[in-house]
Every structure is written in C-alpha cells, then in structure tokens.
Amino acid sequence: MTLENIQAVDQNENIGLPITENGGYLGTTFNEKVSTQQALKLSGLDYTVKSEPHSTIKGYEDFYFERENGRKDFFHSTSKSYKVIQNSDVANFIDDMTSEFPSSEWYSMGSVHNDTTVFMQKRVQELDLILDPNGANDVTEFYIMGRSSHNGRYSLLLGMLLNRLFCSNQIPSLSSNDNLVAKKHTDRVFTSVDTSINVFKMAQSNLKAISDVANKLYSTKATYQDTLKIFDTMNPLPELKYDKGIETPRSKGSITQWEHKRDLLHDVWQGKTNRGKTMDNLENNGWKVLQTLVELGDKFGGKGDTKAKMTSELFNHDRQQKRNDWLTGTLNHFELSKKDYIIT
C-alpha cells in the first residue's frame, strides 16, 4: 500500500479500525502494517532538523524545524559539536535491529515538548513471552523502542520493552539497565551505536533470562499473603513522628497513604480496580505476585499529564528501577537467586 493510498483510506476494512489512532502518551498508534516512511509521515515526524550559524555567539548554531511551507521554527542554540539525530535516523536504527524478523511492525510514534523530544516503538511478535499457551495464555509483547531529542534534553536511547498484554505492565529486566543503551549527541554517535553494545542481541539475551524467571515464577504456587509479605518487607509502615507529644500532620499523611496503597494491593490482586480483571487469567502463583506488585507501582504509583506519563512509562530510570526492585523482592521471597538466571 502506498503512502497516498493510506492517506486516502480512513479505515482498515480488515479489522474495522482507523489506520492511525491517538494513543495518548504513546503518540500515534498504527492499526495495520506501515512502512517506516509512512509511519513517520502519519505521526507527523517526517520533518527535518537543520541549523545555521548563531547571529552573535561564535561557534554556536541555531537549530530549527523546516516545515513543508518553508517556515523555520527555531528551538535550540548550542555549540557546533552537537550532532543532529533526525527522526528518520532513530527509525532506521530500529529497522536495522529488527531486519531479521518478518513480523516486526511499527506500533507507535510520537513527540512531546513541542516536537523536540520524539519516541517510537516497533513490535516484534516472534520474541513475545507466552506463559502456559494452552491454559492461561499469558502474553507479554516484545517491543524495540527509541527516543531522542533535538534540543539537548535527552540523549539517543534505544532498548527493549516487554509489555504484558492483559494489564500493560512493563516487565523488568534482571538488571535495571540491561534493556537500555544511551548515546550522546556527538559526531561519534552513529559509529558508537553501531560498534558498541549490540542493543538487539543484548535484548534477546536478556529476554531469555527473563523467560526463565517468568516460567519459574509461574510454576511456583503462591497466595495473596505472599504478595503482602513482599510489600511489607519492601515498604514497611512509616515511623510515627511527634512534635511536643502530638503526631505531626506529615506523619499522619504518610501512614494514610501507605494504608491506602496496601489496601489497593488486594484490589489489584482480585481485579477489583477500575482497570478491570487484569489478573483474571492467572492462577495463584509467583508470576501473579510479581504482576500485582508491578501494576500497583506502574498504574497507581503517581499522577501526571501526558508528557509525564510518556516519560514514566517508557524511559524513566526511577520507574525502571522500582520494577527491578519488585522483581528482586519477589525472587528473594521465593528463595530464588538472580545469579541463576543472568546470562554472562
């Protein structure tokens, strides 16, 4: 299908859905397979970033978007050493990583911060993690993701994302940074991405380790009490604080918040939140324990606008670390060692 045909068609007749949808913090999502050029066009990321010498500061460049109508939107000034990574460059990196997998297809592309930060995800179905395919059929989808910026806010970041289909939980890696690699915007960025860590091979190796852990947890019987014990171990009741013999308002607030989150943990386990029965297909096992803890943090762990959600869901190190902490706590509780699964 050509780009012109896609632009002329409002609906995918095979599945009855629009070809593109507004995916919120995921940007533009695609409901059928599109080429990289088509994906960039449909998501509005097919613009070019250019630069010209700064009018007053020697050695500095003014960076701008050049729109189709020739208009220049200036957004950033920095030294000449800053290397522009076009949106198409990020997409091409991801294409190169997934070239051996015929099922790979673009899932979403988008931008925030007035188009200066871009992000994109490509699905690789062959690498999905499927537990108990003839029973629970618990599917965790595999994505390669990328992010870059055009104003120095972020480095180029490439990595893997595992997203559980039933609840959109992200599955943590065995080591918090094993699923990501970041490169600065310098003249060596293209060479360093090609010759340093092979992100996709790293991701596949990490996926094998995660698969082994997932299957072991799935075969380990558990109850809600196991989930509660892990939560209490990793999030003990806050200490009471007094001022002149009277409990302080902050102390009351932190304890109330802790109690609310602890109560919510049971609701997630039972599928009684406004997100529906996200654990309904799972038996009471260690995998359900981990998913309950991750969902509590991912989906009920804070507030934020679209921009904040995008950052937290895909790229925020603290959120990645928290998922990793839940995994560590779960493995320790069931007397399993990370060292038995990490591939060196």
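Me: Which residues touch the most other members of the largest nonpolar core?
Reply: The model is a predicted one. Its largest nonpolar core holds 64 residues. Those that touch the most other members are Trp-106, Met-109, Met-120, Phe-142, Leu-217 and Trp-287.

Me: Which residues is Met-109 in contact with, leaving aside neighbours within four places in sequence?
Reply: Met-109 is among the core residues that touch the most other members. Beyond those sequence neighbours, the contacts of Met-109 include Ala-39, Leu-40, Ser-43, Leu-45, Ala-91, Phe-119 and Met-120. The list also contains Leu-26, Gly-27, Thr-28 and Phe-30.

Me: Which element of the protein has the lowest mean pLDDT, and which the highest?
Reply: The protein as a whole averages a pLDDT of 79, and 74% of the residues score at least 70. Among the elements, the lowest mean, 37, belongs to helix α1 (residues 3-8), and the highest, 96, to helix α6 (residues 224-234).

Me: How many contacts does the stretch of residues 1-17 have in the model, beyond near neighbours in sequence?
Reply: The pLDDT is below 50 over residues 1-17. Where pLDDT is low, the predicted coordinates should not be read in detail. With that caution, the number of contacts for residues 1-17, beyond near neighbours in sequence, is 25.

Me: Is the pair of Phe-231 and Trp-258 stacked, edge-to-face or tilted?
Reply: The ring centres of Phe-231 and Trp-258 are 6.2 Å apart, and the planes make an angle of 40°. Planes under 30 degrees apart would count as stacked and those over 60 as edge-to-face. The angle of 40° therefore makes the pair of Phe-231 and Trp-258 tilted.

Me: Where in the chain do Phe-231 and Trp-258 lie, and which residue joins them in one aromatic cluster?
Reply: Phe-231 belongs to helix α6 and Trp-258 to helix α7 (residues 249-270), 27 residues apart, and the pair links distant parts of the chain. Both residues are buried. The aromatic cluster that contains Phe-231 and Trp-258 also includes Trp-326.

Me: Which residue lies over the face of Trp-326, and which has its charged end over the ring of Trp-269?
Reply: Over the face of Trp-326, at 4.7 Å from the ring centre, lies Lys-322. At Trp-269, the charged end sits 4.2 Å from the ring centre and belongs to Lys-288.

Me: Which residues are linked with Arg-123 in a network of salt bridges?
Reply: The model has eight salt bridges. In one of them, Arg-123 pairs with Glu-141, with the closest N and O atoms 3.4 Å apart. This pair links strand β7 (residues 117-123), which holds Arg-123, to strand β9 (residues 138-149), which holds Glu-141; both residues are buried. The network joins Arg-123 with Asp-128 and Glu-141.

Me: How many residues apart in sequence are the parts tied together by Asp-232 and Arg-262?
Reply: Side chains of opposite charge can pair when their charged atoms come close. Asp-232 and Arg-262 form a salt bridge whose closest N and O atoms are 2.8 Å apart. Asp-232 lies in helix α6 and Arg-262 in helix α7, so the separation in sequence of the parts they tie together is 30 residues.

Notes
Residues are numbered from 1 along each chain as its sequence is written. This is a predicted model: local features need pLDDT of at least 70, side-chain atom pairs count only at pLDDT 80 or more; totals for chains, interfaces and linings use all residues. Side-chain values use heavy atoms; hydrogens and water are left out. pLDDT is the predictor's confidence in each residue, from 0 to 100. Helices (H or I, at least four residues) and strands (E, at least two) are DSSP runs, numbered from the N terminus. Contact means heavy atoms within 4.5 Å. Rings of Phe, Tyr and Trp (its six-membered ring) pair if their centres lie within 6.5 Å; planes under 30 degrees apart count as stacked, over 60 as edge-to-face and the rest as tilted. Buried means under 20% relative accessible area, exposed over 50%, partly exposed in between (1.4 Å probe, protein chains only). A charge sits over a ring if NZ of Lys or CZ of Arg is within 6 Å of the ring centre and within 35 degrees of the ring normal. A salt bridge is a side-chain nitrogen of Lys or Arg within 4 Å of a carboxyl oxygen of Asp or Glu. A nonpolar core is a set of buried Ala, Val, Leu, Ile, Met, Phe, Trp, Tyr and Cys residues joined through side-chain atoms within 4.5 Å.
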